[in-house]
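Entries follow in the order I looked things up.

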Amino acid sequence: MPDRKKKPKFRENENIVENKNLTIAEALIPVLALVAMLAYNVYVFGDEALSGSNQFILLMGGAVAAIVGIFNKVSYKRMIAEVAENVRSTTGALLILLMVGALSGTWLVSGIIPAMIYYGLQILNPTIFLAASVIISAIISIATGSSWTTAATVGIALIGIGDALGISLGMTAGAVLSGAYFGDKMSPLSDTTNLAPAMAGGDLFSHIRYMTYTTVPTIVVTLIVFIILGFTIDTSGVADTSSLLENIGSTFNINGWLFLVPLVVIALIVKKAPPLMALLIGTLLGGVFALIFQPDIVANIGGGAALNFETGYKGILNAITIDTSIATDDPALNDLFSSGGMSGMLGTIWLIVCAMVFGGIMDGIGALERITESLLKLAKTTFGLFASTVGSCLALNVTASDQYLAIVVPGKMFSKAYEERGLAPENLSRTLEDSGTVTSVLVPWNTCGAYHSSVLGVGVGEYALYAIFNWLSPFMTLLFAAFRIKIKQLATTTAE
């Protein structure tokens, strides 16, 4: 996933630090300490934990890991070097987060997001909305190869439409992410889809074809569940959307020309334009369209009664950089039509940097390698090998807080074991994606979980249960392994 998307290119030659002096018990001390501290912190702060306290807890976890490293004679210099490398690797993600904040600001004041909600309210009803959200997100993600881009564009719009329809934000976010990660996995444009076979020693398109065996049944089950939910959810709170449509229409100049901007952004990404460039162009176009179609709104945000050069300049820059709210006659829409701009992304950036500190020190002291090595020793059977791979990916998503590491580390550690068992590399690459790529969004302090939670405005705890595709995928791959369904051997082109 991600995509990204919005992160720098993966590090194929990244070294996984090995420390033969470190025991598995010592390697687990920082992990257990972090989990315990995070659990208590969330208990105390609740939904506010991500406002800053969780970030500090991640640093405390890193401090515990550093103490373990010092007792094992790991130099401070090596630990800091790994932290620096981890933080450096997220540079692309951090810049894109800032640009997404800027884009959401201009897309709000220009009327692009309100237009999506306005027309969506007339097309999508509560019964088909969730299943349609899965399909729409999947199509966009396949076309762009980016779950992050999907969430930042159509995902935001779908969240707004769902909220206006009275559908739980968690349900809508779960549907969006289920579709987005399905498309991300199956798109040859996705860097994680390229990364997994690279780590396993396989071929990209063989990897994609082999993934369909587990991915298609998973998305089918996901769609069935959302269709059932669509017939059972209670949306009595929004029995009539006419007042919402009237308020949106009276506040914004809604027209079809506004959709040119998101279409341009999608076209740029499909054409493999750098994500930062695509988002920057989308932001600037959003600003231009705001000046053309919403002059009164821009002037108001710029602190003036009428649009002129100064109020226009201030209005657009304010929308890009700071909190922006557009008042309507409907309190529900007032909450919906607000954006934090670039400043709204700073909390997420803070979280990612702190997570990279913890992951970097864990790698620097050799703890990540030791944990993965111990999991590998438990793999006495073919199913055990698959289960160890899944467990390793999940553990790294939690401890290293980065989906790239959840693919790179197990990919490097398990590739030889799969070869020795006579298993084709497609088995490993598929398992890496089924467990490493998709579950990262279920961890609040993982870069993916933090990103999507921030962009969609929905806590991980709210959408995790409804991100059906994401948590069902590892179970599906284990089910196939347990019954030896489509387990491809090295000596043949057929599968067992």
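Which residues of H20 are buried? I list Gln403, Tyr404, Leu405, Ala406, Ile407, Val408, Val409, Pro410, Gly411, Phe414, Ala417 and Tyr418. Buried means under 20% relative accessible area, exposed over 50%, and partly exposed in between, with a 1.4 Å probe and protein chains only. Helices (H or I, at least four residues) and strands (E, at least two) are DSSP runs, numbered from the N terminus.

**Ground rules.** I note that this is a predicted model, where local features need pLDDT of at least 70, side-chain atom pairs count only at pLDDT 80 or more, and totals for chains, interfaces and linings use all residues. Residues are numbered from 1 along each chain as its sequence is written, and side-chain values use heavy atoms, with hydrogens and water left out.

**Confidence.** I checked pLDDT, the predictor's confidence in each residue, from 0 to 100. The protein chain has a mean of 83, and 90% of its residues reach 70 or more. Residues 1-14 fall below 50, yet this stretch has 85 contacts in the model beyond near neighbours in sequence. A contact means heavy atoms within 4.5 Å. Where pLDDT is low, the predicted coordinates should not be read in detail.

**Helix H20.** Back to this helix, which spans residues 403-420. I count 18 residues and a reach of 26 Å from first C-alpha to last, close to the 26 Å expected at 1.5 Å a residue. The expected span is 1.5 Å times one less than the number of residues. H20 bends by about 40° at phenylalanine 414. That bend is the angle between axes fitted to the seven residues ending there and the seven starting there. Phe414 is also among the buried residues of H20. Just after the helix, glycine 422 takes a positive phi of about 75°.

**Cores.** I searched for nonpolar cores next. Such a core is a set of buried Ala, Val, Leu, Ile, Met, Phe, Trp, Tyr and Cys residues joined through side-chain atoms within 4.5 Å. The largest has 119 residues, and Leu130 and Tyr181 have the most contacts inside it. Helix H4 (residues 91-109) gives the largest share of this core, 11 residues. A second, separate core holds 19 residues, including Met199, Phe386, Phe414 and Ala481. How many salt bridges does a search of the whole structure find? The search gives three. A salt bridge is a side-chain nitrogen of Lys or Arg within 4 Å of a carboxyl oxygen of Asp or Glu. Side chains of opposite charge can pair when their charged atoms come close.

- Glutamate 85 pairs with arginine 88, with the closest N and O atoms 2.8 Å apart. Both lie in helix H3 (residues 76-89), three residues apart, about one turn of the helix. Glutamate 85 is partly exposed at 29% relative accessibility, and arginine 88 is partly exposed at 45%.
- Aspartate 434 pairs with lysine 185, the closest N and O atoms being 2.3 Å apart. This pair links helix H21 (residues 425-437) to helix H8 (residues 169-186), across 249 residues. Aspartate 434 counts as buried because its relative accessibility is 1%. Lysine 185 counts as buried at 0%.
- Glutamate 426 pairs with lysine 488, and their closest N and O atoms are 3.6 Å apart. Glutamate 426 is in H21 and lysine 488 in the segment after H24, 62 residues apart. Glutamate 426 is buried, at 9% relative accessibility.

**Serine 473.** I found this residue in helix H24 (residues 468-482). Is serine 473 buried or exposed? Serine 473 counts as buried, because its relative accessibility is 1%. Leaving out residues up to four places away in sequence, serine 473 touches Thr218, Asp434 and Val438. Asp434 is the salt-bridge partner of lysine 185.

**Leucine 346.** This residue is in helix H17 (residues 346-364). Leucine 346 is partly exposed, at 48% relative accessible area. Leucine 346 and leucine 98 are 248 residues apart in sequence and 7.8 Å apart in space, C-alpha to C-alpha.

**Positive phi.** I looked at two residues other than glycine. Lysine 73 has phi near 60°. Lysine 73 sits in the loop between helix H2 (53-71) and H3, and is exposed with a relative accessible area of 76%. Arginine 484 has a positive phi of about 50°. Arginine 484 lies in the segment after H24 and is partly exposed, at 33%.
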